[in-house]
Amino acid sequence: MFDSYAREINYLRVSVTDRCNLRCKYCMPEEGIESLGHTNVLALEEIVHLIRVAARVGIRKVRLTGGEPLVRKNITDLVEQIAKIPQITDVAITTNGVLFADMAEELKAAGLTRVNFSLDSLEPDSFNYITSRGRLSDVTRSIAKALEMGMAPVKINTVVMKGINDHEILDFVKLAKEMPLHVRFIEFMPIGDLPFYQTDRVVSVSEIKEIIEQQYDLYKGSTVQGNGPAKCYQINGGLGSVGFISAMSDHFCSECNRIRMTADGKLRGCLFGKQEINLKMALQNGASDEKIAHLFSKAIREKPNRHYMTEGWGADNKRKMYQIGG
Ligand SMILES: Nc1nc2c(ncn2[C@@H]2O[C@H](COP(=O)(O)OP(=O)(O)OP(=O)(O)O)[C@@H](O)[C@H]2O)c(=O)[nH]1
Ligand SMILES: C[S@@+](CC[C@H](N)C(=O)[O-])C[C@H]1O[C@@H](n2cnc3c(N)ncnc32)[C@H](O)[C@@H]1O
Ligand code: SF4
Ligand code: SF4
């Protein structure tokens with residue numbers, strides 16, 4: 001279905017939980033988190049039901065996110081059920097990778113088509129600092145497992161922060177050159193009013209590219225599969241590629257193709273939007289599939305033309321990144 005700005009919306013990002021086994025400083029506060037109780041979270045059957053209806057209004061790609069999607073109980077069953085929906089051609093996951101290695105085989109067998117890993121440092125101590133508790137080797141083991149199983153493309157999401165991990169930019173490019181990994185550098189976004197966000201920690205995509213191009217030639221024309229906002233480049237002689245997600249300095253909203261569903265069943269037209277449609281309540285009130293399809297259409301029709309992130313998150317915007325799913 002097309003929205004009011006002639007963008008085709010065919011991609012649904014589904015946050016399956018607001019819980020996480022890490023506490024990345026740019027995403028989730030270390031303490032004082034109130035998780036949604038079990039009764040507030042959509043049941044797996046409800047998620048499948050809603051995606052089935054979303055497919056009727058043109059959703060073809062689903063990405064499971066969170067919080068950390070792999071901490072959700074029975075996530076493999078969910079993948080299997082979504083993969084069985086005939087119109088859904090791509091069932092992907094975005095994960096921190098801590099638990100992926102041990103679940104990889106069953107996820108692939110269930111129908112998972114792609115996996116994107118979030119990884120902000122290749123140095124064990126720095127990784128542990130950024131995530132507040134993570135062990136780098138868990139993630140590298142998972143990435144190796146995804147490659148070994150022939151999952152492709154395997155993407156790495158790296159949020160670049162000045163003074164935290166910007167000295168590792170070239171190490172990530174080297175990784176993308178030497179392995180079939182697609183590293184996407186992401187601009188730090190001011191989502192969720194976290195104290196860790198400071199404007200002087202933001203590194204723009206043009207700054208990142210400038211650093212890379214001092215050492216590597218980047219070529220346009222990478223054909224890495226995906227539905228996301230990254231602009232991708234090949235590296236001379238490289239097995240992988242690098243991409244840039246310039247959410248702040250050069251937003252890609254005119255090409256937006258997605259809507260989002262939160263773990264508590266709220267449909268959001270935009271990552272930064274404040275408007276939410278309560279699908280869980282609609283289900284509880286016994287809404288027909290026609291009615292729910294109408295709610296999906298409404299979210300698509302009323303999708304804002306772009307974000308206004310530079311104007312700030314707003315005190316009335318209660319959500320944090322881990323509650324929306326990125
Ligand atoms: N501003 C903005 N950022 C987004 C949007 N979608 C994803 N991102 C950010 O882009 C990064 C990568 O997102 P992923 O979850 O890997 O998904 P993707 O880039 O759509 O995935 P592919 O389908 O593989 O291209 C994350 O940091 C997201 O928060 C969006 O609609 N707007
Ligand atoms: C919220 S996480 C959820 C999925 C999973 N836990 C993970 O980390 O991959 C999804 C994506 O959002 C990104 N993200 C979170 N907070 C961000 C911020 N403030 N700016 C830019 N990206 C952010 C993460 O790096 C990750 O790639
Ligand atoms: S970015 Fe992902 S792994 Fe890190 S705290 Fe947020 S939800 Fe958890
Ligand atoms: S910020 Fe909103 S409009 Fe822009 S790409 Fe993301 S979801 Fe789409």
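Guide: Ala, Val, Leu, Ile, Met, Phe, Trp, Tyr, Cys and Pro count as nonpolar; Asp, Glu, Lys and Arg count as charged; the others, including Gly, count as polar. This is a predicted model: local features need pLDDT of at least 70, side-chain atom pairs pLDDT 80 or more, while totals for chains, interfaces and linings use all residues. Residues are numbered from 1 along each chain as written, with chains lettered from A and ligands numbered from 1 in written order.

Visitor: How many charged residues are in the shell around ligand 3?
Guide: The residues around ligand 3 (C-beta, placed from the backbone, within 6 Å) include Cys20, Cys24, Cys27, Arg23, Glu68 and Tyr322. By class, six are nonpolar and four polar. The charged residues number two.

Visitor: Which helix and strands each supply at least two residues of the shell around ligand 2?
Guide: The shell holds 10 nonpolar, nine polar and one charged residues. Of the 20 residues there, Cys27, Ser118, Asn157, Met189 and Gly326 come nearest. The elements that each supply at least two are β3 (90-95), β5 and α10 (321-324).

Technical notes: Helix = DSSP H or I, 4+ residues; strand = E, 2+ residues; numbered from the N terminus.
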